[in-house]
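Please examine the structure shown below. The paragraphs that follow lead through selected strands and a helix.

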Number of protein chains: 2
Amino acid sequence: MRKLKLSRAFALVESGPVVLVATSDGDRNNIMTISWTMVLDFTPTFAMATGEWNYSFAALMKTRECVIAIPTVDMLDKVVGIGTCSGKDTDKFAAFGLTPVPGKHVDAPLIKECYANIECRVSDFVKKHSIVVLDAVAAYTDPARKEKRTIHAVGDGTFIVDGRRLDRRKMMGSKIPSCV
Amino acid sequence: MRKLKLSRAFALVESGPVVLVATSDGDRNNIMTISWTMVLDFTPTFAMATGEWNYSFAALMKTRECVIAIPTVDMLDKVVGIGTCSGKDTDKFAAFGLTPVPGKHVDAPLIKECYANIECRVSDFVKKHSIVVLDAVAAYTDPARKEKRTIHAVGDGTFIVDGRRLDRRKMMGSKIPSCV
């Protein structure tokens, strides 16, 4: 994994891919599959909708740390598998053949097999709407990885794979954040 | 446009497409391009990150209404154009050849040329994080439309087009919300 300029990390989440969120409660690692995320700021700050209905939520609130890992289409069955069992009774790293890598800034593990990983700290929890606010503190990508297409949940059990990429950099001009 | 069951409308935003947000300040219609959205609940409730840096924000806060319209890839140049000029000095419906259609529940206009439209009411504004919380009150799609591929902003002036759709409904099983 190669360190990514932190100011470019928002782009990993901007397009709305399904992400894996890794936590550690100090004793055990866990992973959840999350589709409900958005960028809040280029710094980057992220919002994520989660709550007590996710087993990982307790560890997230206790440690106020997590890793957002970006899986690609070749990992779809793992992503769905992780989203349909619970860390309460499953060691998901073992069950899905994933490798935890120690974070530099947080105790939550990075996921080696993912295309990208973002170490995050919980800066706030907006209880009224169950929105967790995350500040990224470090980001990494795996430049050797050939498969970079992410997946987007539709919400009905189907998933859209990244297709073509269209370039509108000239049109965007000054609207492209200076950090990218 | 055909009415869509409201409980299925979350799926229009779940995959993270770039959306157009239409408002009316009572006098003039306006549109902004937004990539920072997420689903908060299946009802559906949406979160959208915006603030005073968007000209539409004043109308949004004043009327507490908007329409989330879902454009498709054939509309990319309009979407980028809308995102790179301001309603302060541009009538965006006229400038981009779009047709406002009166909403049934809100005074903000639907955008006829879009694949889908969701009439929304602002239920809250989380000032600390500039998050607008929206409750959908009606949703529509255009079933006659052939092009249904949405676009996902990467944040660097490039856009990912929807590619293949993969079906994991069997694997998802009970995790698919009963509403879809």
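Two strands are said to pair if DSSP finds at least two bridges between them; strands (E, at least two residues) and helices (H or I, at least four residues) are DSSP runs, numbered from the N terminus. This is a predicted model, in which local features need pLDDT of at least 70 and side-chain atom pairs count only at pLDDT 80 or more, whereas totals for chains, interfaces and linings use all residues. Residues are numbered from 1 along each chain as its sequence is written, chains are lettered from A and ligands numbered from 1 in the order in which they are written, and side-chain values use heavy atoms, with hydrogens and water left out.

An open sheet is formed by four strands in the order β11(A)-β12(A)-β12(B)-β11(B), with antiparallel pairing. At its edges stand β11 (151–153) of chain A and β11 (151–153) of chain B; each has a single partner strand, so one side of each lacks a neighbour in the sheet. On average, neighbouring strands of this sheet are turned by 45 degrees against each other, direction ignored; the axes used here are lines fitted to C-alpha atoms, for helices over the stretch in contact, and angles run from 0 to 180 degrees between N-to-C directions. Within chain A, β11(A) runs antiparallel to strand β12 (residues 158–167), and three bridges join them. A:Ala153 has A:Phe159 in β12(A) as its bridge partner.

Strand β9 (residues 116–126) of chain A is considered next. Eight of its eleven residues are buried, so the strand is largely enclosed by the rest of the structure. Buried here means under 20% relative accessible area, exposed over 50%, and partly exposed in between (1.4 Å probe, protein chains only). β9(A) pairs in the antiparallel sense with strand β6 (residues 65–70) of chain A over six bridges; A:Arg121 in β9(A) is the bridge partner of A:Glu65. With strand β10 (residues 131–141) of chain A, β9(A) pairs in the antiparallel sense over ten bridges, and A:Ile118 is bridged to A:Ala139 in β10(A). β9(A) and β10(A) form a hairpin with four residues between them, and A:Ser130 in the turn has a positive phi of about 55 degrees.

In chain B, helix α2 (residues 56–63) has B:Ser56, B:Phe57, B:Ala59 and B:Leu60 buried. Seen down the axis of α2(B), its buried residues fall within an arc of 165 degrees, so they line one face of the helix; the arc is that of the directions from the helix axis to the C-beta atoms. B:Ala58 and B:Lys62, on the other side of α2(B), are exposed. Just after α2(B), B:Arg64 takes a positive phi of about 55 degrees.
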